[in-house]
Amino acid sequence: MNNAYRFTDKGTIEVGCQIQNEDKLLFYVKDSGIGIPKNMHQAIFERFRQVDEKHLSPRAGGTGLGLSISKGIVELMGGKIWVESELGHGSVFYFVIPLKRAETPENTHIQTETIVPEWQNRKILIVEDEFDNAQLLDDLLQNSKVNVIHANDGMAALKQFRNNDDIRVILMDIRLPDIDGIEVTKKIKSMKQSAVVIAQTAFADNDMREKCFESGFNDIITKPVTRETLFQKLKVYME
């Protein structure tokens, strides 16, 4: 999908999925972009190989690793990936993976629903540039009665922090489009040392955790965020 956006200046991008033969899932991403010459159809799945980008817009940069990584993941799942395209006539990328339907044992226990706390009159700042991730956090917090405000980059986060001195907790994405979350947190801590900032990251390895805590974060939550983990982390600082 990222490639479709990068290489399509006008027209449409279509994404879909369907079941094939009851045992396979077929996904596709179709765009009306620049297209790919036939002699490059195999090469683009190799590492550091890209279509000639000299005539493309600035947003069409990249490392040439995305399709190679995608190919590796699909093949590890027992599937395959390929492209159908002509130069100047758009592209359709396909991948197919096995479909294994889940079986529910008769003795499966239904998990008890998480108790949603009530945090009215408390305020949380969500700093997140990805709409879907921000929407997920909104949905998870919906019934807690907490007042949620948003910022989609570092500068907006600093502005919200300055304008809202009653923010109880800040959920800070590490990767932001302008200033990274670690630098934003350092600035926030320099303004108010007692501010509570929880890092959101998909890469919470030991090095990242150490870097976050050294930069002043109070805690870390790993993406994808679950309701149970989110409430467990927040209760420490909200109550």
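Student: How do the axes of helix α3 and helix α7 cross?

Tutor: The axes of α3 (residues 131-141) and α7 (residues 227-238) cross at roughly 75° and come within 10 Å. That makes the two helices roughly perpendicular, a label for angles of 65 to 115 degrees. Axes are lines fitted to C-alpha atoms, for helices over the stretch in contact, and angles run from 0 to 180 degrees between N-to-C directions. This is a predicted model, where local features need pLDDT of at least 70, side-chain atom pairs count only at pLDDT 80 or more, and totals for chains, interfaces and linings use all residues. Residues are numbered from 1 along each chain as its sequence is written, and side-chain values use heavy atoms, with hydrogens and water left out.

Student: Which residues meet there?

Tutor: From α3, Leu137, Asp139, Leu140 and Leu141; from α7, Arg227, Leu230, Phe231 and Leu234. Contact means heavy atoms within 4.5 Å.

Student: How many of the residues in that contact are nonpolar, and how many charged?

Tutor: Six are nonpolar and two are charged, with no polar ones.

Student: New topic. How many aromatic pairs are there?

Tutor: Four. Rings of Phe, Tyr and Trp (its six-membered ring) pair if their centres lie within 6.5 Å, and planes under 30 degrees apart count as stacked. Phenylalanine 27 and phenylalanine 95 are stacked, because their ring centres are 4.8 Å apart and their planes are at 10°.

Student: Where in the chain do those two sit?

Tutor: Phenylalanine 27 is in strand β2 (residues 24-31) and phenylalanine 95 in strand β4 (residues 91-98), 68 residues apart. Helices (H or I, at least four residues) and strands (E, at least two) are DSSP runs, numbered from the N terminus. Phenylalanine 27 is partly exposed at 26% relative accessible area, and phenylalanine 95 is partly exposed at 28%. Buried means under 20%, exposed over 50%, partly exposed in between (1.4 Å probe, protein chains only).

Student: What about tryptophan 82 and tyrosine 94?

Tutor: They form a stacked pair, with 5.2 Å centre to centre and 15° between the planes. Tryptophan 82 lies in strand β3 (residues 80-85) and tyrosine 94 in strand β4, so the pair ties together parts 12 residues apart in sequence.

Student: Is tyrosine 94 buried or exposed?

Tutor: Tyrosine 94 is buried, at 18%, while tryptophan 82 is partly exposed, at 27%.

Student: What lies over the face of tryptophan 82?

Tutor: Lysine 80, at 5.3 Å from the ring centre. The rule is NZ of Lys or CZ of Arg within 6 Å of the ring centre and within 35 degrees of the ring normal.

Student: And how many helices and strands does the protein chain have?

Tutor: Seven helices and nine strands.

Technical notes: Parallel < 35°, antiparallel > 145°, perpendicular 65-115°, else oblique. Nonpolar A, V, L, I, M, F, W, Y, C, P; charged D, E, K, R; others polar. Phe/Tyr/Trp six-rings, centres within 6.5 Å; stacked < 30°, edge-to-face > 60°.
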